[in-house]
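Please look through the following model slowly, with the sequence beside it.

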Amino acid sequence: MASQLKVDTITGVTTAGSIAVTGEGNSTTTNLQQGLFKMWADLSGGGTPAIDDSTNTSSVTDVGAGERRINLTNSMSSTNYMVIAGMINDGNSGGARGAAGHHLGTQATGSVQYKTMYGSTASSDGNLTDSHTQEGAGIAGDLA
Amino acid sequence: MASELRVNTLKDASGNNSIGLSYVAEGTAKAWMSLNGTGTIALRDSFNISGVVDNGTGSYTPSYSSNFGNANYSASGAGGSSNSNANVRLNTPAAGSQDLETRASNDGSNYDEAYTRFTATGDLA
């Protein structure tokens, strides 16, 4: 029989921040809280980045050409979290591009900073770029 | 006392924001790590990673505590801080591990990355 649970908050019984979810193969469990992305953001690229959709973000700071800082609403507990970033390779006149999480010195509990850059071309090896239309980033780890 | 709740759908108390449990189970990351891949490698933080083998310069193999059901899961990686041209190459996956390499995009050479990040999503065994 189909069932439906209406709640605003789910809390573990033994440990408030730990809930097991049975895996797809029915033979093991995965931790719900650990598996959730604690932040994700889809941003319009270009010279003035803007958040188009997101969770747990308060704002984006345009640090400079090809460099962003996403500020979190709820901070992480430490700077040891996992972050990924990517960008759409469009409007390309300089060759293939990639994106990388960068400047980990500014990977703070309340924000994450990354760069968007060209990949390797004859004229541009890793130069910062704003000439793309969409990028994204995500964080997994422990909330404070 | 441990408890188990069996439901198909979650909603908030107002009856909005419905999500099926299949999305919860399928949509959560099943493994992730932030690895210091320099010197004697060390996990900064991780989930469902039992250990990481250092295969040489810029080459690592994280293994899962709970394996995936097959090798058809999705994975992504990112580098940064140790090289301005940081990239992560994911090699052929296995249900229990994923070989990856941190390499510079400007010349394709491997290097040891201080902040090697990796995440995997898919079906657990």
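Among contacts in chain B between residues at least 6 apart in sequence, 51% join residues at least 24 apart, where two residues count as being in contact if their C-beta atoms, placed from the backbone, lie within 7 Å. In chain A the corresponding share, again for contacts between residues at least 6 apart, is 55%.

This is a predicted model, in which local features need pLDDT of at least 70 and side-chain atom pairs count only at pLDDT 80 or more, while totals for chains, interfaces and linings use all residues. Residues are numbered from 1 along each chain as its sequence is written, and chains are lettered from A and ligands numbered from 1 in the order in which they are written. The mean pLDDT of chain B, that is, the predictor's confidence in each residue on a scale from 0 to 100, is 90, and 99% of the residues of chain B reach 70 or more. The model scores ipTM 0.79 and pTM 0.84.

The two chains can be set side by side. Helices (H or I, at least four residues) and strands (E, at least two) are DSSP runs, numbered from the N terminus. A residue is buried if 20 or more other C-beta atoms lie within 10 Å of its own, exposed if 12 or fewer, and partly exposed in between, with C-beta atoms placed from the backbone.

Read along the sequence, chain B follows the pattern β-β-α-β-β-β-β-β-β-β-β. The radius of gyration of chain B, taken over C-alpha atoms, is 17 Å, well over the 14 Å that the globule rule gives for 125 residues, so chain B is more spread out than a compact globule; the rule is 2.2 Å times the number of residues to the power 0.38. Along the principal axes, the C-alpha atoms of chain B fill a box of roughly 55 × 30 × 25 Å.

Within chain B, 4 strands form an open sheet in the order β5-β6-β9-β8, with antiparallel pairing, and two strands are said to pair if DSSP finds at least two bridges between them. The edge strands are β5 (49-56) and β8 of chain B, each of which pairs on one side only. Strands β5(B) and β6(B), the latter covering residues 59-64, pair in the antiparallel sense over 6 bridges, and Val53(B) has Thr61(B) as its bridge partner in β6(B).

Strand β10(B) has 5 of its 6 residues buried, so it is largely enclosed by the rest of the structure. It is joined to β3(B) by 5 bridges in an antiparallel arrangement, with Thr119(B) as the bridge partner of Trp32(B). Another 5 bridges join β7(B) to β10(B), and these strands also run antiparallel, with Gly77(B) standing opposite Phe118(B).

How many residues does each chain give to the contact between chains A and B? The contact takes 45 residues from chain B and 40 residues from chain A. Elements that give two or more residues to the chain B side include α1 (21-27), β3 (31-36) and β10 (116-121) of chain B. Across the two chains, strand β1 (residues 4-6) of chain A is joined to β1(B) by 3 bridges, and the two run parallel; here the bridge partner of Gln4(A) is Thr9(B).
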